[in-house]
Amino acid sequence: MTIIDGKATAATIKAEIKAEVEAMVARGERRPHLAAVLVGHDGGSETYVKNKVLACEACGFQSTLLRYESDITEQQLLDVVAQLNADATVDGFIVQLPLPSHIDEQKVTEAIDPRKDVDGFHPVNVGRLAIGLPCYISATPKGILTLLQRYNIETRGKKVVILGRSNIVGKPMAQLMMQKQYGDATVTVLHSHSQKLQEECRQADILIAAIGRPAFVTADMVKPGAVVIDVGITRVPDASRKSGFRLQGDVDYEAVAPLCSAITPVPGGVGPMTICMLMQNTLQAARQR
Ligand code: NAP
């Protein structure tokens, strides 16, 4: 059984990106520049954005963090987006979600210039992915595809089962896995109203769990020899930890891992790849500038 090491793979890819950036700089080109907009003080968002800024440093990128209080109006935020769209020194930017409830997230996402939408959430990028055109692919699905490729896991013609149909993970993952030029697999997407869910999971050559239900995938749901990708990250209480919690994936790792040909751990699997793919998308934006 292979443990798919997302942390090590992400470190390798970041080093590759940095080497490419230094070559760009040596040719007299500007460093890629990622801007991040953070509204309010949500603990999770603060951590994600901090890690994105650190990843920019590791890749040799310029980064800018724009912080606003949670009472910023929707129009003020749309004005910030318009300024970033127009700023020729910014190659790509993200608006960290979630946003406060008085702001329409979809409206903000759609205000981002698709050419700078390195999160790949704009409908133009989502649509281009759906019909196989060049686009920014959202970071988590792209990270999973990259892990499978780097571990030489064959996807062509395989049965891929995806648990979850969110716009940021399940749906784009299904698109990627079914596209001829990416996964070229046969894809089933399961959700909270799927029938015979366990049976469907048991058919999977590659099972991708993205539902946010700790340890939902048990050993009896996994075909021996399957590849299991665990996207879920949930904080569960753990009195043995100083923090009082630990991160738990959607897969019952201890029980499932011995059955698999390969599996991603939580933490250290899909998570580190997500930020790394954001860096790759920013490099792509800089190349296209
Ligand atoms: P989400 O928007 O909450 O969507 C969850 C999906 O799972 C929905 O489609 C839902 O079905 C389905 N679902 C929930 N309970 C289910 C059940 N009991 N049986 C079958 N399907 C069920 O979640 P998300 O944003 O995709 O995130 C999923 C997990 O991945 C979370 O733990 C999140 O923290 C994690 N995540 C990790 C990364 C990373 O970088 N590693 C990135 C993004 C998300 P319905 O559509 O029917 O409601």
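**Charge.** I counted the charged side chains of this predicted model and found 31 positive and 31 negative ones. The centres of the two sets lie 4 Å apart.

**Overall form.** I then looked up the extent of the protein. Its C-alpha atoms fill a box of roughly 50 × 40 × 40 Å along the principal axes. The radius of gyration is 19 Å, which agrees with the value near 19 Å for a compact globule because the chain has 289 residues. I noted 10 helices and 11 strands. Of the contacts with a separation of 6 or more, 71% join residues 24 or more positions apart.

**Surface and interior.** Of the 289 residues, 47% count as buried.

**Helix α7.** I examined residues 170–178, which form α7. Gly170, Pro172, Met173, Ala174, Leu176 and Met177 are buried there.

**Asp91.** I located Asp91 in the loop between α3 (74–86) and β4 (92–95). Its relative accessibility is 5%, under the 20% limit, so Asp91 counts as buried. I found a polar atom of the Asp91 side chain 2.8 Å from the backbone nitrogen of His33. A polar contact, also of 2.8 Å, links the side chains of Asp91 and Arg289. Beyond its neighbours within four places in sequence, I listed the contacts of Asp91 as Arg30, Arg31, Pro32, His33, Arg115, Lys116, Ala285, Ala286 and Arg289.

Definitions and conventions. Residues numbered from 1 in each chain as written. Predicted model: local features only at pLDDT ≥ 70, side-chain atom pairs only at ≥ 80, totals over all residues. Heavy atoms only, no water. Buried < 20%, exposed > 50% of the residue type's maximum accessible area, 1.4 Å probe, protein only. Helix = DSSP H or I, 4+ residues; strand = E, 2+ residues; numbered from the N terminus. Rg over C-alpha atoms; globule rule 2.2 N^0.38 Å. Contact = heavy atoms within 4.5 Å. Lys, Arg positive; Asp, Glu negative; His and termini not counted. Charge placed at Lys NZ, Arg CZ, Asp CG, Glu CD. Polar contact = N/O pair within 3.5 Å; in protein donor to acceptor, adjacent residues only side chain to side chain.
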